[in-house]
Amino acid sequence: MAVWETRVHLCPHSTLTCAARLSPADFHSPFLACSSGQFVASTRKLHVEPKSSPAGAPERLPFSKVTDEDLAYFRKILPGRTITDPDLVESSNVDWLKTVKGSSEVLLRPQTTEEVSQILRYCYNRNLAVNPQGGNTGLVGGSVPVYDEIILSTSLMNNILTFDNISGILTCQAGCVLENLSLYLEERDYIMPLDLGAKGSCQIGGNVATNAGGLRLLRYGSLHGTVLGLEVVLADGRVLDCLATLRKDNTGYDLKQLFIGSEGTLGVITAVSILCPRKPKSTNVVFLGCETFEELLKTFQLCRGMLGEILSAFEFLDSECMRLLNTHLKLPNPISDCPFYIVIETSGSDPDHDSQKLDNFLEEAIASTFVTDGTVATEESKIKALWSMRERVTEALTHDGFTYKYDISLPVERIYQLVTDMRQHLGDRAKSVVGYGHVGDGNLHLNITSPAKDPALLAAIEPFVYEWTASCQGSISAEHGLGLKKRNYIYYSKPSQAVALMGNIKAMLDPKGILNPYKTLPDNLK
Ligand SMILES: Cc1cc2nc3c(=O)[nH]c(=O)nc-3n(C[C@H](O)[C@H](O)[C@H](O)COP(=O)(O)OP(=O)(O)OC[C@H]3O[C@@H](n4cnc5c(N)ncnc54)[C@H](O)[C@@H]3O)c2cc1C
């Protein structure tokens, strides 16, 4: 990614100089924020001079560097949990996709909220930058440092605090791994309201920080609804205790919502309370094939009408995904070859009622020729096998080459058009162009691979993909967040006034900008 040194004349109050890679939307935006906090009309064209920098980030901001005295302090408060061995810090410097690498020399592993508070109070006073990290499965380069930020890992904050068997409300520390929470709840006849392919590593704090969507959003809604309370440590070390366990609470502003999806830029989430649904008594998974995307959409409509309240997921993958699953993971296609595949899950409380409804739906779908082939699973092992066809596409892609990933929200009837148009646009410049995702949520995962990192290919993809999305009033990040990679494209999906207000909130909660710098907000706000 190119990085640009930008001198922006905004208003009579300010002349900002920032190292920024501005999106084309900046040039069109009628409003920009000035340092006085006002929005000002900008009629001037911005003057942009190219300047190179590593990691596609602005130049390192003037944070302090870690000294021996700093390490001595950390070792005093975190004995044995202040990691400086380069071999041990290495894996926390590299993201899951292996596309972003920081150069941090310090990994801190607190166990309690008080320890997180002590760390942040100290870092704030010393002007040391901090990178909060959960399971490090994030896909937008937000979870690893860009330069030498201290990595604050929540991995040892993995205690379940309370579970109320009547209300289904769970409170736990932020570092609990999602799958462990699921297993704990299943023993008690409950489930987590979210599920995703990275469940074995991602942590609930990371899920909340990214507002992860996943495979159950269609049924249980987003974390903005299911998270009931949060405990957060602010940049200066203050502990914000909003760890309510109430379903209804309209006393003033709902501050926890600010931290859901804030990607570690506003505070470190240390504990979460979340409303969990009862474990369904019957679960069925169907894997179907369709000849066209139009037929897939008709199947979705039919499915919503006929399965109603028992529909819990409606996912899709295209034949290119199937090819990658076959080639790289040796997963055989459970049905005959088709251009599109659907994974439908039902979950309910009455096995007979659910299977009757499912049978009626399948009969109708086959009779109307929307689907051409399919298989049904009711046993746990077969359900898992069918789900892995959808869940392991991300993994299969990593074996195909360097992957350019896009996570787009669109009106549901448009979601596959972007894949088709991108294929046509790129011709044979890409190795694979694949589409899969959460049809039920209007969320496309568009992935493009090449044998190696390819700046020319990237230049062909971007801003094409963002302009295409903006032309449909879509979102350039449906569920993965913006992190390092997408931060400067925010203007394609949010008006300048909203972005400027986000900058004000960041400045209020983290005036020195020590929390996850270079992430989420565009460079012209830093
Ligand atoms: C195979 C695979 C499948 C995936 N499927 C989905 C999917 O279906 N839906 C989806 O939404 N995402 C998906 N993801 C992306 C990723 O798993 C999610 O974003 C997940 O929520 C990240 O959690 P984590 O604990 O790994 O966080 P990390 O990757 O460690 O961090 C992600 C961001 O959150 C911040 N953060 C982490 N913990 C905290 C904390 N305690 N306090 C404050 N900030 C924090 C980090 O600074 C970073 O900005 C998938 C990833 C993989 C690898």
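I looked up which element gives the most to the shell around the ligand, and found that α6 does so, with 5 residues; helices here are DSSP runs of H or I of at least four residues and strands are runs of E of at least two, numbered from the N terminus. I noted that this is a predicted model, in which local features need pLDDT of at least 70 and side-chain atom pairs count only at pLDDT 80 or more, while totals for chains, interfaces and linings use all residues. I kept in mind that residues are numbered from 1 along each chain as its sequence is written, and that side-chain values use heavy atoms, with hydrogens and water left out.

Next I listed the shell itself: 37 residues surround the ligand, and the closest are Pro132, Gly134, Gly135, Thr137 and Gly138, where a residue is near if one of its heavy atoms lies within 4 Å. At least two shell residues each come from β8 (130-133), α6 (204-210) and β14 (268-275). By residue type I read 11 nonpolar, 24 polar and 2 charged, with Gly placed among the polar ones and Asp, Glu, Lys and Arg as charged.

An oxygen atom of the ligand lies 2.8 Å from a backbone N or O atom of Asn136, and an oxygen atom of the ligand is 2.9 Å from a polar backbone atom of Gly213. A nitrogen atom of the ligand is 2.9 Å from a backbone N or O atom of Ile269. Of the 970 Å² of accessible area that the ligand has on its own, the protein covers 97%, by the Shrake-Rupley method with a 1.4 Å probe.

Turning to charged pairs, I counted 19 salt bridges, each a side-chain nitrogen of Lys or Arg within 4 Å of a carboxyl oxygen of Asp or Glu. One of them joins the side chains of Asp195 and Arg216 (4.0 Å, N to O). Asp195 lies in the loop between α5 (178-186) and α6, and Arg216 in the loop between α6 and α7 (217-220), so this pair ties together parts that are 21 residues apart in sequence.

Last, I checked the backbone. Glu462 and Pro463 are joined by a cis peptide bond, with omega about 10 degrees, and Pro463 lies in the loop between α16 (455-461) and α17 (464-471). Asn127, a residue other than glycine, has a positive phi near 60 degrees, and I located Asn127 in the loop between α4 (113-126) and β8.

Terms used:
A polar contact is a pair of N or O atoms within 3.5 Å; within protein, one must be able to donate a hydrogen and the other to accept it, and residues adjacent in sequence count only if both atoms are side-chain atoms.
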